[in-house]
Amino acid sequence: MIKLIALDVDGTLTDGKLYMDDRDNAFKAFNVKDGFAIAQWIKYGGIAAIITGKTSNIVTRRKEELGIQELVQGAKNKVQALNKIIEKYNISLDEVAYVGDDINDLGIMSIVGFSACPHDAVDEVIKRADFVSKYNGGNGAVREIFEKIMKHNGMWEKVLNRYLNEK
């Protein structure tokens with residue numbers, strides 16, 4: 001059973017575009033449906049992590065908004081970053097899913113129990129992923145992947161029942 005889902009950011013949680021203005025401001029767009037699924041995963045006992053090679057206040061803010069438990073920015077080696085996280089939570093690599101989109105994600109994708117990617121990931125990642133979303137990065141891929149894992153873990157029905165029984 002998957003206990004931790006780790007994510008890349010650019011091209012996975014976002015569409016991979018970096019918007020910059022002439023005043024050194026950068027912008028990223030996140031999909032609210034992706035965020036909803038992440039928040040539900042956490043609410044029902046899952047651990048979520050972001051492991052990214054870049055460093056951004058925007059990502060820190062998104063992590064805090066969603067309640068994501070772990071954030072590693074500026075990661076030079078994503079496998080080492082993940083190993084520290086799984087040691088902290090005393091879980092095995094078989095209990096980890098990773099979502100990435102580019103070749104710098106291949107190492108970590110090759111060691112986890114379940115790997116997934118957006119539809120628009122690079123070919124090398126698509127060929128090696130256990131699951132390829134029908135959606136592009138930043139456009140619902142993370143939602144589809146989280147739902148798939150939550151359904152497998154028996155968590156998605158709890159999410160549905162909560163909202164179906166709201167009064």
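Is Gly 67 buried, exposed or partly exposed?

1. Gly 67 is partly exposed, at a relative accessible area of 33%, where buried means under 20%, exposed over 50% and partly exposed in between (1.4 Å probe, protein chains only). Gly 67 belongs to the loop that joins helix 2 (57-66) to strand 5, and its C-alpha atom is separated by 16 Å from that of Lys 3, which is 64 residues apart from it along the chain.

2. This is a predicted model, in which local features need pLDDT of at least 70 and side-chain atom pairs count only at pLDDT 80 or more, while totals for chains, interfaces and linings use all residues. Residues are numbered from 1 along each chain as its sequence is written, and side-chain values use heavy atoms, with hydrogens and water left out.

3. Helices (H or I, at least four residues) and strands (E, at least two) are DSSP runs numbered from the N terminus.

4. Lys 78, Ala 81, Leu 82, Ile 85 and Ile 86 of helix 3 are buried. They lie on the same side of helix 3, because they cover an arc of only 130° around the axis, the arc being that of the directions from the helix axis to the C-beta atoms. Gln 80, Lys 84 and Glu 87, on the other side of helix 3, are exposed.

5. After helix 3 comes Asn 90, whose phi is positive, near 55°.
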